[in-house]
Amino acid sequence: MLSALSLLMVGSLTAATAPGSHADECGDAGAAPVPSTGCVAPAPHPDSNNPPWLAAVMQRDPQFGGTYQALRQRILSDGAIPAKYKLLMGMVTDTIAAHPDGVRSLADNARAAGASEAEITEAVELAYLYGGTAALVMGVNAFPAG
């Protein structure tokens, strides 16, 4: 019992004196205040087709955001599976998971990577097959409004 209590106390002291993460510099709750220079995200690579939420991650922790961005870029590049098909797979996943912004941006990125409207339409139909009517309703986010 005493050794468990000792370990708990040492762990608490270690956590209290541990150096902050990169995220601490950007104003995490209970962490250091935001630097006077502000917490500004580095500009994302213009050709990377970043998801819209990545800017918020980059602002809070640029090192983590950059790591994620590089991994995402590597995974979504042409390989054994062409990039347009990887983007369509992501679009199907976001359609089933009910992420309308992801459906929209992934469909646009798939178009930019060479996917045709027929391929996007079939991807929405595939999402319907596995996700039901809710996925079909979400899938219309893949198509331009109007």
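The protein exposes about 9400 Å², and carbon and sulfur atoms supply 66% of that area. Accessible areas come from the Shrake-Rupley method with a 1.4 Å probe. This is a predicted model, in which local features need pLDDT of at least 70 and side-chain atom pairs count only at pLDDT 80 or more, while totals for chains, interfaces and linings use all residues. Residues are numbered from 1 along each chain as its sequence is written, and side-chain values use heavy atoms, with hydrogens and water left out.

Of the 146 residues in the protein, 26% are buried (under 20% relative accessible area, 1.4 Å probe, protein chains only). The secondary structure consists of seven helices and zero strands; helices are DSSP runs of H or I with at least four residues, strands are runs of E with at least two, and both are numbered from the N terminus. Among contacts (heavy atoms within 4.5 Å) with a separation of 6 or more, 48% join residues 24 or more positions apart.

| Helix | Residues |
|---|---|
| α4 | residues 83–96 |
| α5 | residues 100–112 |

The two helices pack at an angle of about 165°, and their axes are 8 Å apart. Axes are lines fitted to C-alpha atoms over the stretch in contact, and angles run from 0 to 180 degrees between N-to-C directions. α4 and α5 are therefore roughly antiparallel (an angle over 145 degrees). The contact includes Leu87, Leu88 and Met91 of α4 and Val103, Leu106 and Ala107 of α5.

Notes: Parallel < 35°, antiparallel > 145°, perpendicular 65-115°, else oblique. Buried < 20%, exposed > 50% of the residue type's maximum accessible area, 1.4 Å probe, protein only.
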